[in-house]
Amino acid sequence: MNRLGAVWGILLLLGLSPMPFVHADITDGNSEHLKREHSLIKPYQGVGTSSSSQWDFWGSTLVTSQYVRLTSDERSKEGSIWNTVPCFLKDWEMHVQFKIHGSGKKNLHGDGIAIWYTRERLNPGPVYGNQDHFVGLAVFVDTFRNDLHGMDVRPVFGNSPKFHGLALFIDTYPNDEASDRSFPYISAMISNGSLPYDHGKDGRSTELGGCSVEIRNKDHDTYLAIRYSRGRLTIMVDIDDKNEWKECIDIGGVRLPTGYYFGSSAATGDLSDNHDIISMKMYQLMVEHTPEEENLDWTKIEPSVSLLKSPKDNIDDPTGNFRSTPLTGWKVFLLLLCALLGIVVCAVVGAVVFQKRQERNKRFY
Ligand SMILES: [Ca+2]
């Protein structure tokens with residue numbers, strides 16, 4: 001019994017007790033973790049007027065005291081706003097309050113907003129007013145479906161659909177849900193600069209995941225949160241005026257460096273909308289890293305994703321909880337050691353008891 005107690009004690013010490021679920025909006029209102037140098041908050045003091053401002057803007061962007069309008073509801077506009085301070089936080093959560101509205105009726109509006117965490121900043125281009133072949137993370141709020149052939153049958157990984165024999169599929173395509181995704185649609189993309197964004201297909205071939213959202217012309221506030229912590233990228237939305245986050249994307253195996261820039265951009269084409277950013281609030285997540293992780297040069301990390309399929313199967317952290325402690329190598333080692341010790345103790349005790357019994361039996365003879 002004592003040994004059992006000791007094992008439980010060790011398990012508890014190792015953090016294997018049932019972990020309390022920490023709600024996604026844990027950082028909400030926790031002003032001590034708000035990083036002002038990476039946040040864009042009303043009334044946007046100094047933005048566009050002061051040289052010491054921590055935000056630059058470009059293109060059609062208009063800064064008022066109530067919102068930052070990246071584009072107005074007019075054709076062929078492009079605008080962006082960028083944090084001038086590179087972000088060296090290892091674990092962070094960005095909350096974006098935005099508003100997309102315009103006179104266009106259903107399906108007659110576009111193109112949407114992109115939120116960026118990239119190596120370069122203020123680099124205009126064709127992807128929502130920003131450069132293509134970017135290096136880093138992009139989250140797209142795409143309000144117009146460009147790919148009208150989204151329901152097409154796809155070839156079977158370049159092979160004929162009618163093949164004979166065994167095939168093993170490693171499907172990195174975001175499966176059937178994506179085929180009938182409805183718009184507006186939120187998606188995420190990570191690139192080391194090698195991938196182009198396919199505007200004509202709404203970025204389908206490069207998306208890591210996504211969700212459909214009704215976000216246009218809302219009377220209430222609409223929010224998006226992007227969290228990056230411990231190699232996990234989570235995107236949540238709060239768009240129903242219920243003051244609660246709903247998960248949109250949650251994937252593991254993501255690697256993003258520090259030292260990149262946050263920004264936001266938007267573009268209109270033949271169709272348009274007002275694309276407004278109300279606020280971008282950056283929160284530092286208080287996460288402990290191992291000494292080895294701390295000693296790495298995080299600025300040298302190349303943006304990448306190792307697990308594209310079924311991110312929820314990537315149980316390095318079953319709760320998705322950024323404060324939890326996943327099993328690291330030494331913990332697994334300790335656990336195995338405990339189990340081994342337990343077996344050895346059992347074997348020794350068993351052997352001793354067996355021997356004693358044998359001796360006692362002998363005496364009776
Ligand atoms: Ca689109």
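Predicted model: local features only at pLDDT ≥ 70, side-chain atom pairs only at ≥ 80, totals over all residues.
A residue counts as buried when its relative accessible area is under 20%.

Arg 227 forms a salt bridge with Glu 93. The closest N and O atoms of this pair are 2.9 Å apart. Glu 93 lies in strand β5, which spans residues 92–101. Arg 227 belongs to strand β11, residues 222–229. The pair therefore ties together parts that are 134 residues apart in sequence. Glu 93 is buried too, because its relative accessibility is 0%.

Arg 181 forms a salt bridge with Glu 207, with 2.3 Å between the closest N and O atoms. Arg 181 is in the loop between α2 (175–179) and β9 (185–192). Glu 207 sits in the loop between β9 and β10 (209–212). The two residues are 26 residues apart, and the pair links distant parts of the chain. Both Arg 181 and Glu 207 are buried.

Arg 119 and Glu 120 also form a salt bridge. Their closest N and O atoms are 2.9 Å apart. Arg 119 is partly exposed, with a relative accessible area of 45%. Glu 120 is likewise partly exposed, at 25% relative accessibility.

In total, the count comes to ten salt bridges. Among them are Glu 93 with Arg 227, Arg 181 with Glu 207, and Arg 119 with Glu 120.

Note on methods
Residues numbered from 1 in each chain as written. Heavy atoms only, no water. Salt bridge = Lys/Arg side-chain N within 4 Å of Asp/Glu carboxyl O. Helix = DSSP H or I, 4+ residues; strand = E, 2+ residues; numbered from the N terminus. Buried < 20%, exposed > 50% of the residue type's maximum accessible area, 1.4 Å probe, protein only.
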